[in-house]
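Reader: I've got a model open and I'd like to learn how to read its features. Could you take me through a few?

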Amino acid sequence: MSEHGEAPTDQWQFDETVVRAASAFVLCEEARYNDGLSSGQRVEKLMEAQGVIMATVGPGHRVTFRDLLDRLSGDQAGSLVGIFPEEALTGPLRNLRFLDSVGVSTQEGCDLLWEAAEIFKIADKKQRRGERFTHFELESEFGQEQVFKAIKGGLYERHRRNIIEYPVCDKEQLEELGFPPAVAQVFYQDIPSYCLYKGQWWFGCPACAYPMQVIPHDDGRTYAVRCLYPWHQDTGARFSFTATRDQVPVLHAEDRIYIPSKAEMPLYTGASRETPRARPAEGYRVLVRRVWRSTCIPGLPELRLADVLKEAAAGTRLTVKVWPDNDRVDIEVKDGDTVVFSIDVKDYTWPGTLAKKLIEDRGDKGGATWLVVPDHRRQQVGYLTSVIHREHIGMTAMAASDFLALFTDRLKEYM
């Protein structure tokens, strides 16, 4: 426990009040960056966001329109301090930002909303209460649940692998990939304006290929370019450039914060040493951010782990299958008909929410007995293990490279 008697940040679990506040800030981002909105519609979105926050904090705590405007950009962007009652700012809420300095949703804030939505099942609750959906909650539920339904069938593995490996495509690529119409027409959309320079150029992340955010500095000439996923930033997806008249921008790399250990290298999915070049925005379509985060980001370590396990198991009796039976589990290792390892790979920003999901599902719905987190989430393993033991859940939690070491050590049993 912390000095104030609160659970540590990595164990903190938020309630639906915080989830509603998070959804309000997503409305604020939409008001600013949705190019299809008129000026009047932008104001309406902001007023809707204000209404959500006011309904959340209750009549005893006044939130003015100016309070909200002050939190759309700058130092107070996306902060609950001053608009939430002081006593409600528990856990990490005091320092958490739902918007960055230019009004784009932070990944930490998005993950709070998206991960919690799986627990609270917001859509079902609102249907029962007769309340209307916000645009973002609809997109979140649809993006998370329906993308996999759209690719169910005999080509499930191929389609899912292609979604992970091709988060951004031109029209010709989309046609060649052969996605069902529901995927190509709904989940691939225009590149967000906050990922474009002058509406014309974008830069693919050297880890996940998704368009990186382009952030103008106050001087109006220099720009920062960052992947929306913080760990990819830490591994090298962080660049800058100086604008020059009528010339294509050229990126310059910044220092890496995270360097993998020797044990982590076989499963490393962070940024490569490549410096991305500018690409013209015209003709390109990109996965909606929610699908990218829920499918591509965890999918990269899933595929890497599966591929490395297959390579390691070559010459043994073991077979390795990714997403068997249309995603019953993430990875299954069998000796003939006998399941040796059934693996669920999870990349959660908020492990308290993952713990709650494990408790509610009594483990993994597909029956996985191994819970594997990417190596950059290894600090979550101790907490998840304590929850698994306390709740008598039939799973073992491990960081990916530790699981690979265990797997490799046991291979001699299956020669």
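Predicted model: local features only at pLDDT ≥ 70, side-chain atom pairs only at ≥ 80, totals over all residues.

Reader: Which residue forms a salt bridge with Arg410?

Author: Glu413 does, with the closest N and O atoms 3.7 Å apart. For exposure, buried means under 20% relative accessible area, exposed over 50%, and partly exposed in between (1.4 Å probe, protein chains only). On that scale Arg410 is partly exposed at 25%, and Glu413 is partly exposed at 46%.

Reader: And Lys346 with Asp344: buried or exposed?

Author: Buried: Lys346 has a relative accessible area of 17%, and Asp344 has 6%. Their salt bridge has its closest N and O atoms 3.8 Å apart. A search of the whole structure gives 29 salt bridges, and a network of them links Asp111, Glu115, Arg293, Asp347 and Arg377.

Reader: How do I read a helix, say H15?

Author: Helices (H or I, at least four residues) and strands (E, at least two) are DSSP runs, numbered from the N terminus. Then look at which side chains are buried: in H15, residues 400–410, these are Ala400, Ser401, Phe403, Leu404 and Phe407. They sit on the same side of H15 because they cover an arc of only 155° around the axis, taken from the directions from the helix axis to the C-beta atoms.

Reader: What do the buried residues of H15 pack against?

Author: Contact here means heavy atoms within 4.5 Å. The partners include helix H11 (289–313), strand E10 (318–322) and strand E12 (338–345).

Reader: Which residues touch the most other members of the largest nonpolar core?

Author: A nonpolar core is a set of buried Ala, Val, Leu, Ile, Met, Phe, Trp, Tyr and Cys residues joined through side-chain atoms within 4.5 Å. The largest one has 83 residues, and Trp292, Leu309 and Ile343 touch the most other members. H11 supplies the largest share of this core, 11 residues. Leaving out residues up to four places away in sequence, Leu309 touches, among others, Val320, Ile343, Phe403, Leu404 and Phe407. Another core, of 34 residues, lies apart from it, with Val19, Val57, Ala77 and Leu89 among them.

Reader: What about sheets?

Author: Strands of a sheet pair through backbone hydrogen bonds, either parallel or antiparallel. Two strands pair if DSSP finds at least two bridges between them. Here 3 strands make an open, antiparallel sheet in the order E1-E9-E2. E1 (168–170) and E2 (188–189) are the edge strands, each pairing on one side only. E2 and E9 (residues 284–287) share 2 bridges, and Tyr188 has Leu287 in E9 as its bridge partner.

Reader: Last one: how many disulfides does the structure hold?

Author: A disulfide is a pair of cysteine sulfur atoms within 2.5 Å, and the structure holds 0 of them. Take Cys169: its sulfur is 9.8 Å from the closest cysteine sulfur, in Cys296, so that is too far for a bond. Cys205 is in no disulfide either, with the nearest cysteine sulfur, that of Cys227, 3.6 Å away.

Methods. Residues numbered from 1 in each chain as written. Heavy atoms only, no water. Salt bridge = Lys/Arg side-chain N within 4 Å of Asp/Glu carboxyl O.
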